[in-house]
Amino acid sequence: MKGRVLPEILLRTEELDRCVNCGLCRAVCPTFLTIGNERLTARGKIILLKELLDDSLEPSASIAEIFDDCLTCYACQSVCPAGVRTEKLWTSARQDLAGKSKTDRIKKLGLGWTIARPKLFGLQIRLAGRLTGFDVNNREQAALAKWGFPVFRSAPLLHSLNDEYPATGKEFGSVGLLLGCSVNISTPWVADATIKLLNAAGWRVVVAKEQVCCGAPAINNASWDIARKLARRNMIVFRSLGVDRVTSADATCAGAFQRDYPELFREDEEARMAAVELSEMTVDLSELLFEACEDGRLRFNPREEVVTLHDSCHVTHVSRGGRWRQLLERVEGLNIRELKDSDHCCGFGGSYAFFHRETSMKIAERKVERIIETGADKVLVGSPGCMLRIQSVLNAKTDRVVKVMHVAEFLSELV
Ligand code: SF4
Ligand code: SF4
């Protein structure tokens, strides 16, 4: 009976059964640590899902809200000794409980009228750029925005980039650049830095002009039709580039190519094979740069400065680590101050910041307090979403000037 009502969760019973009830996920769950409701932890959610499957609970709005009140930071997945893949569970639960969720229709409507329609989305961004009037090339001005995303440049960056950027010295190979919406519309300087670093490492950078959103917001909200539509377009665009690798300064977007695309087409073998091919070509940016350092293709000039590093969730918990810290350790003279709970979420979480504003702000404020405690002048992060969130809360909550930079941006100044 429940198989018909909860088909996606039913496919994940293996994950549910792995949980050994140890409770280690409590210590890292930002929503639980802020609100204090055990049901918000991975353990609590798994118990709920089991109760739904064995008929002792009925799907309801309050249960759907438990799954909506999750940052999808996947710290629970990293810490879990039993290897429960919570990233599989939460999206499945969101899909099965969509009919009960109070915000699901609004989110899907929003996605349907933005990222799902790339041309219209481009027009919206242009209009938003004119209305908000931010000059996003001026980082201080851009950071004045109280919210993460409403910082728009007047036109998406993608159209002003060249088709290709040659390697600085001897060419090692070619790499397709997946911009990601945050970089394309809000933090274009991160793209410039990424291209400069990749060129310095011997990569010829090819810009796929027809690329669209990676679909991560749709995947997180279990809008599979929108996610598949975007994925199909990106699979055609990136596979036809003829490049050796694909990468992105946004680990969330690269992660969608790497892990989510093959999963999206699990029932369509031809599309799944194409998704696997793209997945295998896609490499985390920090990994690509680290390889170049190991090969002696990339070196950094010394820099005497005090910085700290926030380990963004999708680099740390989803992409399993990333290499940003090891890259920074190669910079002679750099004083990297340890940030307490550096791998705890900054509170952004995409649409979470809009629909759970109060909790999101509390989590972000704790992150900012920790950053101030380090005494560093700069905080480096590996995700454009975290950059916007942390900078806006820093500006609002403290007079101390702490600059937020993408790690790629910082390293690009040293080549
Ligand atoms: S993904 Fe993050 S917010 Fe959601 S249950 Fe896991 S640790 Fe908590
Ligand atoms: S850490 Fe893993 S095994 Fe332990 S309670 Fe959480 S989900 Fe279950």
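**Close-up views of the predicted model**

**Figure 1. Shell around ligand 2.** Helix H5 (42-53) and H7 each supply at least two residues of the shell around ligand 2. A residue is near a molecule if its C-beta atom, placed from the backbone, lies within 6 Å of it. Helices (DSSP H or I runs of at least four residues) and strands (E runs of at least two) are numbered from the N terminus. This is a predicted model: local features need pLDDT of at least 70 and side-chain atom pairs count only at pLDDT 80 or more, while totals for chains, interfaces and linings use all residues. Residues are numbered from 1 along each chain as its sequence is written, chains are lettered from A and ligands are numbered from 1, both in the order in which they are written. Ligand 2 is surrounded by 15 residues, the closest being Cys 19, Cys 22, Cys 25, Arg 43 and Cys 80. H5 gives the largest share of this shell, three residues. By class, the shell holds twelve nonpolar, two polar and one charged. Nonpolar means Ala, Val, Leu, Ile, Met, Phe, Trp, Tyr, Cys and Pro; charged means Asp, Glu, Lys and Arg; the others, Gly among them, are polar.

**Figure 2. Shell around ligand 1.** Around ligand 1 there are 14 residues, of which Cys 29, Cys 70, Cys 73, Ala 75 and Cys 76 come nearest. Helix H4 (30-35) and helix H7 (75-79) are the elements that give two or more residues to this shell. Ten of the shell residues are nonpolar, four are polar and none is charged.

**Figure 3. Contact between domain 2 and domain 3.** The chain divides into domain 1 (2-102), domain 2 (112-287) and domain 3 (298-412); these bounds come from an automatic or database domain assignment. Here, 32 residues of domain 2 are in contact with 30 residues of domain 3. Contact requires C-beta atoms, placed from the backbone, within 7 Å. On the domain 2 side, the elements giving two or more residues are helix H12 (181-185), helix H13 (188-200), helix H14 (216-220), helix H16 (251-264) and helix H18 (285-295). H13 supplies the largest share of that side, seven residues.

**Figure 4. Four-stranded open sheet.** The strand order is S1-S3-S2-S4, with mixed pairing. Two strands pair if DSSP finds at least two bridges between them. Strand S1 (164-165) and strand S4 (245-247) are the edges, each pairing on one side only. Strand S2 (residues 173-177) runs parallel to S4, and three bridges join the pair. One bridge links Gly 176 to Val 246 in S4.

**Figure 5. Surroundings of Ser 351.** Ser 351 sits in the loop between strand S6 (334-337) and helix H21 (352-355). Ser 351 counts as partly exposed because it has 19 C-beta neighbours inside 10 Å. The scale runs from buried (20 or more other C-beta atoms within 10 Å, C-beta atoms placed from the backbone) to exposed (12 or fewer), with partly exposed in between. Beyond its neighbours within four places in sequence, Ser 351 is in contact with Lys 107 and Pro 217. The C-alpha atoms of Ser 351 and Asn 220 are separated by 9.5 Å, although these residues lie 131 residues apart along the chain.

**Figure 6. Setting of the views in the whole chain.** The chain has 24 helices and eight strands. Its C-alpha atoms fill a box of roughly 65 × 50 × 45 Å along the principal axes. Buried residues make up 48% of the 415 residues. Among contacts between residues at least 6 apart in sequence, 77% join residues at least 24 apart.

Note on methods
Two residues are in contact if their C-beta atoms, placed from the backbone, lie within 7 Å.
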